[in-house]
Amino acid sequence: MRGLSIGQYIPADSFVHRLDPRTKLGGVAFLTLALFSVRRFEAFALIGAMIAASVAASSLPVRSVLRGVKAVSLVLAITLAAHALRWGAATEGAMALGPLWFDPAGFVRGAFFAVRIVLLVVGTSLLTLATSPVALADGLERLMRPLATLGVPVGDVAMMLTIALRFIPTTAYEAEQVMVAQAARGARFDEGGPIRRARALVPVLVPLFVNLFRRADELAVAMEARCYVSGRRRTRMHELRMHLSDWVVLVVWAGACLALALAM
Amino acid sequence: MILFEEVTFWYRHDGAPAVDGFSLRIGDGERVALVGPNGSGKSTVALLADGLLLPARGRVLVDGLDTRDASARDRVRSAVGLVLQNPENQIVGATVEEDVAFGPENLALPPDEIRRRVNEAIDAVGLSGLERREPHTLSEGQKQRLAIAGALAMRARHLVLDEPTAMLDPAGRESVLDAVARFRAEGGTVIHVTHDASEIALCERAVCIRDGRLVFDGASADLLADAALMDALGIEPSPLAAVAKALSEAGVSVPPVPDVEEVVRALWR
Amino acid sequence: MALTARDLVVTYNRGTVAEQRALDGVTLQVERGSVLVVVGVTGSGKSTLLKALAGIVPPEAGDVAIDGSPLPRPAASAVGMVFQNPERQLFGETVLADVAFGPRMLGAPDPQSRAMSALERVGLDPEEFGARSPFSLSGGEARRAAIAGILALEPAYLLLDEPTVGLDSSGRRAVLDVVEREKRDRGIAIVTHHPDPFLPLADRICALKEGRVAFIGTVEGLVRDPGPYLAAGLRLPELLELQAAAIGRGARLERVGTEPSEVARALLAARGTS
């Protein structure tokens with residue numbers, strides 16, 4: 001667990017990495033819109049090409065971008081099966097497959113949904129692989145900032161998110177330490193059924209939470225000592241700035257997505 | 001200058017006060033050891049000095065500003081930097097530079113001013129080159145220096161250190177004490193909570209607190225020479241001081257808190 | 001009878017860019033009824049050595065033997081390991097329940113009375129502390145309760161990682177008392193950056209450097225020949241530094257002391273003769 005990386009971010013200095021997180025968040029939003037609007041496979045081919053170009057510009061290893069697809073492979077299989085297989089020979093052209101019937105038209109439909117899932121997963125993977133979690137939190141905060149006028153504590157939520165991200169490795173490390181220490185007292189985490197296993201985690205979870213609360217207490221003191229006041233306006237050393245390249249990418253990408261959504 | 005005037009503080013209204021009628025005056029540029037057994041109230045004093053706790057009676061003045069005055073709160077907390085015992089629990093930022101920037105960002109300073117302060121502070125504690133590192137990859141000593149940098153970026157004139165070296169290895173401890181000494185050399189005030197005799201010896205003055213009351217305020221050399229008081233305060237005497245005491249009882253003239261060289265010279269001059 | 005490490009090699013993250021050899025052929029013994037103090041700069045392999053001795057980290061070469069036979073699995077009832085800041089692992093509803101957790105998990109007979117006796121041995125009266133929540137204890141008390149949780153397993157060997165770090169002088173003294181008492185029945189190894197308070201209890205000192213034993217011997221031997229210890233990047237504890245400096249001055253020390261009064265007497269006697 002020591003080598004655990006936050007989220008799945010892979011640091012690099014590529015064109016995609018350098019884009020403002022808002023550009024990338026917006027890009028994924030338009031991508032989603034297009035994916036759910038188009039009705040033809042040809043549209044997917046074009047969207048696939050756009051994504052492939054982005055992956056190339058991100059200098060990320062293709063394998064890591066496709067890892068997310070592997071994670072949803074079961075969902076893909078179920079989607080295909082649910083559309084392609086029937087209990088009765090209801091439709092024309094269906095073929096017997098043991099007790100089931102294979103429906104080619106359904107298969108094509110299922111494949112359409114499956115491709116949509118694949119493209120969506122690859123697109124969002126690209127976002128999280130090429131954007132640090134902190135930048136993502138910053139981007140979300142900036143996008144949500146108008147909500148602050150409605151009384152939504154946008155700044156506090158963003159700070160919460162940043163601190164949660166910051167403490168993930170610390171907490172994972174501590175969980176590992178506590179597990180090893182309890183194992184040294186004879187605790188077993190890999191024996192028995194699910195209930196016994198869940199109960200075996202009590203000696204890990206209780207100290208972990210007690211320590212987290214203590215940590216939270218001290219952190220609150222340290223934050224106040226450095227003039228943090230909940231809800232007050234802060235500035236940022238790295239102010240997010242939309243550069244010309246961001247606007248160009250966003251306009252071109254959004255235009256393409258909207259055109260596809262309307263035309264296909 | 002940090003001034004405590006007859007300060008009393010309760011954590012719970014039905015309990016004994018954590019700090020009781022405590023008065024103290026710490027001048028600019030002093031280095032003061034704040035000493036006392038666990039639970040004596042020394043951490044409470046540390047938080048009172050930073051305006052993080054407010055006195056129930058009496059007042060605390062930081063550079064003339066009353067810590068109870070809400071309009072002066074940012075100035076008080078900027079002027080007094082706080083470093084806690086547990087290195088990990090005071091780091092907010094996801095990277096070294098973002099953590100140092102946290103305070104100035106809270107003051108809503110312009111980005112280029114923040115950038116300048118962050119660079120200066122990181123440089124001052126010797127963490128240059130580690131700006132982009134994630135805090136959990138730092139050594140414990142580096143984390144404590146990061147905490148000091150966070151205070152420097154607020155332009156702190158006084159540092160309150162609450163047992164900052166208790167969890168560190170000797171190398172880490174030395175690097176933190178070096179950073180503190182550098183801060184001191186530039187005119188900063190240091191209030192150092194500790195029960196380590198060698199760290200007390202680094203301060204000219206010692207202030208001792210027990211059950212929330214001031215029980216000693218004087219030269220730290222005098223404290224270190226007083227074995228009974230040290231014991232009552234939970235300070236392990238430095239072994240060399242104990243040797244010196246035994247030697248001087250045997251008629252050898254040796255300083256009360258000597259270093260190795262001084263003992264050897266006293267014996268074989 | 002001893003806990004023996006022979007030619008231990010441990011490498012972390014083998015086969016990756018982060019590959020790091022933590023132990024590089026360590027051979028040593030912890031004898032029953034004795035205390036071994038292990039020192040070394042951060043990253044020298046001290047904590048890994050303890051984990052290997054406790055069977056927590058499997059060595060890739062070499063072996064660990066307990067009284068001549070291989071470590072049992074689990075090793076907890078033979079080799080007790082107290083991690084750094086062990087009070088952070090307390091979880092039981094009461095101190096007694098927490099201390100009894102280990103013996104209960106290992107199926108020992110009558111875990112309750114084992115827990116009571118363990119609490120007594122760390123100087124926490126079971127009547128007074130047994131029913132309290134572990135989270136209501138002071139730092140020093142919690143540390144001792146956590147040590148009791150390991151003692152309740154009745155291990156023949158006890159391994160302690162920085163047992164006094166972060167404690168004030170009374171807490172430190174209480175832990176030293178536990179070590180002194182348990183030393184009679186067990187073999188004890190202590191890993192620390194601050195060996196000074198353990199010197200009077202230490203039968204031998206071991207200094208690690210880059211995963212190898214740079215020095216192992218008595219305090220006496222260390223003061224007479226501190227070279228290898230210093231070469232491991234370590235500073236002698238003040239009392240030993242003083243005596244080494246006196247010897248360097250030509251003083252003929254009868255024997256090396258580990259307590260201030262003892263050292264003062266030895267120095268005065270040596271002054272008379274030199």
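User: Why is C:Leu208 called buried?

Analyst: In this predicted model, C:Leu208 has a relative accessible area of 0%, and because the word buried applies under 20%, C:Leu208 counts as buried. The residue is found in strand β9 (residues 204-209) of chain C. Leaving aside neighbours within four places in sequence, its contacts include C:Val26, C:Val38, C:Gly45, C:Leu49 and C:Ala232. The C-alpha atoms of C:Leu208 and C:Gly43 are separated by 9.5 Å, although these two residues are 165 residues apart along the chain.

User: Why does A:Leu201 count as partly exposed?

Analyst: The relative accessibility of A:Leu201 is 33%, and since buried means under 20% and exposed means over 50%, with partly exposed in between, A:Leu201 counts as partly exposed. A:Leu201 lies in the loop between α9 (194-200) and α10 of chain A.

User: What makes the nonpolar surface patch that includes A:Leu201?

Analyst: The patch is made by A:Leu201, A:Leu205, A:Phe209 and A:Phe213, and has an area of about 390 Å². Residues of a patch need over 30% relative accessible area, and A:Leu201 has 33%.

User: How do you know that A:Arg185 forms a salt bridge with C:Asp98?

Analyst: The closest N and O atoms of A:Arg185 and C:Asp98 are 2.8 Å apart, and because a salt bridge requires a side-chain nitrogen of Lys or Arg within 4 Å of a carboxyl oxygen of Asp or Glu, the pair qualifies. The count between chain C and chain A is one salt bridge. C:Asp98 is also among the buried residues of α2(C).

User: What makes helix α2 of chain C mostly covered?

Analyst: Eight of the 11 residues in this helix (residues 95-105) are buried, among them C:Val95, C:Leu96, C:Phe101 and C:Pro103. The buried residues of α2(C) pack against α8 (154-183) and α10 (202-225) of chain A, and also against α3 (111-121), α4 (126-129) and α5 (139-151) of chain C. After α2(C) comes C:Gly107, whose phi is positive, near 70°.

User: How many residues does each of chain C and chain A bring to their contact, and what area is buried between them?

Analyst: Chain C brings 19 residues to the contact and chain A brings 16 residues. The area buried between the two chains is about 1500 Å², of which carbon and sulfur atoms give 65%. C:Arg88, C:Gln89 and C:Phe91 supply 34% of the area that chain C buries against chain A, more than any other three residues.

User: Why is B:Glu105 called buried, and with which residue does B:Glu105 form a salt bridge?

Analyst: B:Glu105 has 4% relative accessibility, and because that value is set against a limit of under 20%, B:Glu105 counts as buried. Its salt-bridge partner is A:Arg236, the closest N and O atoms being 3.4 Å apart. The pair crosses between chains, from A:Arg236 in the loop between α10 and α11 (244-263) of chain A to B:Glu105 in helix α3 (residues 96-106) of chain B. A:Arg236, at 18% relative accessibility, counts as buried as well.

User: How do you know that B:Glu236 forms a salt bridge with C:Arg172?

Analyst: The closest N and O atoms of this pair are 3.6 Å apart, and because the limit is within 4 Å, B:Glu236 and C:Arg172 form a salt bridge. B:Glu236 lies in the loop between α9 (227-232) and α10 (239-249) of chain B, and C:Arg172 in helix α6 (residues 169-182) of chain C, so the pair joins two chains. With a relative accessible area of 30%, B:Glu236 is partly exposed.

User: Why do β2 and β5 of chain C stand at the edges of their sheet?

Analyst: Four strands of chain C form an open sheet in the order β2-β1-β4-β5, with antiparallel pairing. Each of β2 (20-31) and β5 (69-70) has a single partner strand, so one side of each is left without a neighbour in the sheet.

User: How do you know that β4 and β5 of chain C pair?

Analyst: Strand β4 (residues 61-66) and β5(C) are joined over two bridges in the antiparallel sense, and because pairing needs at least two bridges, the two strands count as a pair. C:Ala65 stands opposite C:Pro70 in β5(C).

Methods:
Residues numbered from 1 in each chain as written. Chains lettered and ligands numbered in written order. Predicted model: local features only at pLDDT ≥ 70, side-chain atom pairs only at ≥ 80, totals over all residues. Heavy atoms only, no water. Buried < 20%, exposed > 50% of the residue type's maximum accessible area, 1.4 Å probe, protein only. Contact = heavy atoms within 4.5 Å. Patch = residues over 30% accessible without salt bridge, like charges linked within 9 Å, V, L, I, M, F, W, Y side chains within 5 Å. Areas by Shrake-Rupley, 256 points an atom, 1.4 Å probe, with all protein chains shown as cover. Buried area = accessible area lost by both parts, 1.4 Å probe.
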